[in-house]
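The following report describes one protein chain, moving from its overall architecture to selected residues. Please consult the sequence and the model alongside the text.

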Amino acid sequence: MAQPSELRPARRSTAGSRTPICRLTTGEALIVWAIRHWVQSVKARLDPRDLLRCGFATIEAEDVSDAVDRLLMVTLREATTVRDVGCLRCPTLGDGERDILEAVALSQRGRREEAMAVVQSWLPLSAALRAYDDIATIGRALTGVDMTVPVRRKSAPDIRLLEGIATHPESSPMLH
């Protein structure tokens with residue numbers, strides 16, 4: 001396990017660009033639910049696997065629980081950057097959660113190299129290769145139950161519709 005002094009700081013999203021949990025698709029929300037409950041269970045020194053199995057059994061994708069557990073365990077042991085994961089009540093998506101969702105989305109589309117680049121942003125190559133297998137398993141399982149995780153580009157501006165007018169979330173000198 002990397003020592004705290006060896007970890008690079010997490011790259012933080014600006015407050016205006018954090019994705020609200022209520023805007024996630026069902027597949028994304030299920031993955032975030034699994035991540036957050038896994039972290040909470042591990043912090044409480046409880047085995048999270050039974051809870052994950054129950055959660056994924058609701059969509060008849062039980063084999064996903066082991067892949068999520070392995071992915072998060074390798075992240076816990078090998079991460080080279082601090083992972084931002086919200087608590088169960090956090091209303092927005094953390095960067096660590098966003099990275100996993102992005103890797104799953106890219107994997108579902110057969111874009112392995114791009115997904116691996118995302119995974120390598122927090123894991124060394126050997127760990128990223130192991131983690132990618134679990135990410136691909138998660139992606140295949142969700143695809144099997146018609147849950148496609150959308151690709152959400154971090155660099156794309158978050159456009160909001162307000163009464164039929166597209167505006168940027170950041171304040172603009174053109175809008176008051």
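## Overall architecture

How many helices and strands does the chain have? The chain has six helices and two strands, and along the sequence they follow the pattern α-α-α-α-α-α-β-β. Helices (H or I, at least four residues) and strands (E, at least two) are DSSP runs, numbered from the N terminus. This is a predicted model, in which local features need pLDDT of at least 70 and side-chain atom pairs count only at pLDDT 80 or more, whereas totals for chains, interfaces and linings use all residues. Residues are numbered from 1 along each chain as its sequence is written, and side-chain values use heavy atoms, with hydrogens and water left out.

Of the 176 residues in the chain, 41% are buried. Here buried means under 20% relative accessible area, exposed over 50%, and partly exposed in between (1.4 Å probe, protein chains only). Among contacts (heavy atoms within 4.5 Å) between residues at least 6 apart in sequence, 69% join residues at least 24 apart.

## The nonpolar core

A nonpolar core is a set of buried Ala, Val, Leu, Ile, Met, Phe, Trp, Tyr and Cys residues joined through side-chain atoms within 4.5 Å. The largest such core has 42 residues, and Ile31 and Ile138 are those with the most contacts inside it. At least two residues of this core come from each of α1, α2, α3 (64-78), α4, α5 (112-119) and α6 (125-144). Helix α6 gives the most to this core, with nine residues. In soluble globular proteins, nonpolar side chains tend to be buried together.

Which residues does Ile138 touch, not counting those up to four places away in sequence? Ile138 touches Ile31, Val64, Ala67, Val68, Leu71 and Val104.

Leu51 lies in helix α2 (residues 49-57) and is partly exposed, with a relative accessible area of 34%. Not counting residues up to four places away in sequence, Leu51 touches Trp33, His37 and Ser41. Leu51 and Ser65 are 14 residues apart in sequence, and their C-alpha atoms are 8.7 Å apart in space. His37 belongs to helix α1 (residues 26-43). Is His37 buried or exposed? His37 counts as buried because its relative accessibility is 17%.

Leu106 is found in helix α4 and is buried, with a relative accessible area of 1%. Beyond four places in sequence, Leu106 touches Arg111, Glu114, Ala115, Val118, Val151 and Arg153. The C-alpha atoms of Leu106 and Met116 are separated by 9.1 Å, the two residues being ten apart along the chain.

A cavity is a set of points on a 1 Å grid over the protein atoms alone where a 1.4 Å probe fits but cannot get out, and lining residues have an atom within 4 Å of a point. Grid points are joined across faces, edges and corners, and a volume is the space filled by probe spheres set on the points. By this rule there is one cavity of 30 Å³ or more, and the largest cavity holds about 40 Å³ of space.

Glu28, Leu93, Arg98, Leu101, Glu102, Pro150 and Arg152 line the largest cavity. Helix α4 (residues 95-108) gives the most to this lining, with three residues. By class, the lining has three nonpolar, no polar and four charged residues. In this classification Ala, Val, Leu, Ile, Met, Phe, Trp, Tyr, Cys and Pro count as nonpolar, Asp, Glu, Lys and Arg as charged, and the others, Gly among them, as polar.

## Cysteines

A disulfide is a covalent bond between the sulfur atoms of two cysteines. With a disulfide taken as a pair of cysteine sulfur atoms within 2.5 Å, the structure holds zero disulfides. Cys90 is partly exposed, at 21% relative accessibility, whereas Cys54 is exposed, with a relative accessible area of 52%.

## Positive phi angles in loops

Most residues other than glycine have a negative phi. Arg45, although not a glycine, has a positive phi of about 60°. Arg45 is found in the loop between α1 and α2 and is exposed, with a relative accessible area of 80%. Asp146 also has a positive phi of about 60° without being a glycine. Asp146 is placed in the loop between α6 and β1 (160-162) and is exposed, with a relative accessible area of 74%.

Notes:
On a 1 Å grid over the protein atoms alone, a cavity is a set of points where a 1.4 Å probe fits but cannot get out, and a pocket is an open set with protein on both sides within 12 Å along at least five of seven lines; lining residues have an atom within 4 Å of a point.
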